[in-house]
Amino acid sequence: MKTKQEIIKQWVTQYTGVLYAWAFTKTKEKAMAEDLVQDTFLVALESADKFREESSPKTWLFGILNNKINDYFRKQGKAPLPFTSFMEDDDDYFFESSGHWKSTTAPSAWHEESHLLDNPEFNKILNFCLEKLPGSWGEILLAKYMLGKKSKIICQENQITETNYWQIIHRAKLTMRDCINNNWRE
Amino acid sequence: MNCKQATLLIEKREEEKIGLFALVKLRYHLTICKACSFYREQSRLLSQALSKKADQIPSQELAELEKRVLKKVLDNKP
């Protein structure tokens with residue numbers, strides 16, 4: 001039988017990275033994100049008896065962290081990032097009214113694509129572009145990809161329709177791709 | 001099918017099944033549209049990069065963060 005401390009130690013090693021990345025995305029402050037992660041594990045240690053084996057530790061820890069994040073926003077009197085819906089607009093940045101790419105935004109080849117993910121410079125630009133996304137688009141992208149949440153869950157959590165969700169994913173990916181394209185020099 | 005519709009379908013297809021008719025139209029569009037083929041490749045790459053986002057914290061920095069968190073959490077034990 002493992003002691004509570006041993007279990008928490010194991011969880012700290014396994015989940016600190018992903019919890020911290022999420023807390024940072026929400027708060028945009030390094031020190032605050034670190035505090036929130038610490039508080040999460042403190043609560044986890046105190047209430048470890050309530051943890052049921054059948055739920056995954058990751059889900060459980062994220063539940064605690066999200067409560068902490070909500071408390072933080074409430075105390076600060078800050079609202080979480082506004083949800084920015086996408087408005088269909090005559091003047092589309094990416095597409096002509098016919099729905100075809102504008103010549104200025106049509107994707108072309110990237111070089112050395114297979115090695116990009118290991119390139120620190122590429123990851124820097126990725127972060128830069130992620131932070132530049134409007135409203136909560138970045139959060140929704142990370143909920144989908146980094147946390148691996150299904151679209152249904154994200155729609156419930158953000159109270160958006162499925163159509164709206166796909167518009168946001170679509171626009172967010174288009175915007176990210178374009179931003180990386182414009183900032184990346186091979 | 002135009003590029004706006006094609007790129008939306010590319011995103012949807014990553015997570016869910018799309019109808020056979022739509023799939024055939026998408027496949028055909030991708031054979032004639034270079035820009036959308038590049039979009040598909042680069043969008044997939046972005047998906048991979050975003051999935052790995054948590055591992056991007058430099059390992060040194062992460063190790064120190066873990067140490068600090070652990071110390072605080074275990075010291076706090078009454």
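This is a brief talk on chain A and one of its arginines, A:R177.

Okay, let's start. What you see is a predicted model. I'll take the chain overall, then go to the arginine.

The fold of chain A first. It has seven helices and zero strands. Reading from the N terminus, the order is α-α-α-α-α-α-α. The C-alpha trace spans about 60 × 35 × 30 Å along its principal axes.

Next, packing. Chain A has 186 residues, and 47% of them are buried. Take the contacts between residues at least 6 apart in sequence: 67% of these join residues at least 24 apart.

Now the surface. The accessible area of chain A is about 10,100 Å². Carbon and sulfur atoms account for 50% of that.

Charges next. We count 24 positive side chains and 26 negative ones in chain A. The centres of the two sets are 5 Å apart.

On to the arginine. Where is A:R177 found? In helix 7 of chain A, which covers residues 162-183. Is A:R177 buried or exposed? Buried, and it has no salt bridge. The nearest side chain of opposite charge belongs to A:D178, 4.2 Å away. The cut-off for a salt bridge is 4 Å, from a side-chain nitrogen of Lys or Arg to a carboxyl oxygen of Asp or Glu.

So what does A:R177 touch, leaving aside neighbours within four places in sequence? In chain A, the contacts are A:T105, A:P107 and A:W110. From chain B come B:Y39, B:Q42 and B:L46.

Terms used: Residues are numbered from 1 along each chain as its sequence is written. Chains are lettered from A and ligands numbered from 1 in the order in which they are written. This is a predicted model: local features need pLDDT of at least 70, side-chain atom pairs count only at pLDDT 80 or more; totals for chains, interfaces and linings use all residues. Side-chain values use heavy atoms; hydrogens and water are left out. Helices (H or I, at least four residues) and strands (E, at least two) are DSSP runs, numbered from the N terminus. Buried means under 20% relative accessible area, exposed over 50%, partly exposed in between (1.4 Å probe, protein chains only). Lys and Arg count as positive and Asp and Glu as negative; His and the chain ends are not counted. Contact means heavy atoms within 4.5 Å. Accessible areas come from the Shrake-Rupley method with a 1.4 Å probe; for residues, only the protein chains shown count as cover. The place of a charge is taken as NZ of Lys, CZ of Arg, CG of Asp or CD of Glu.
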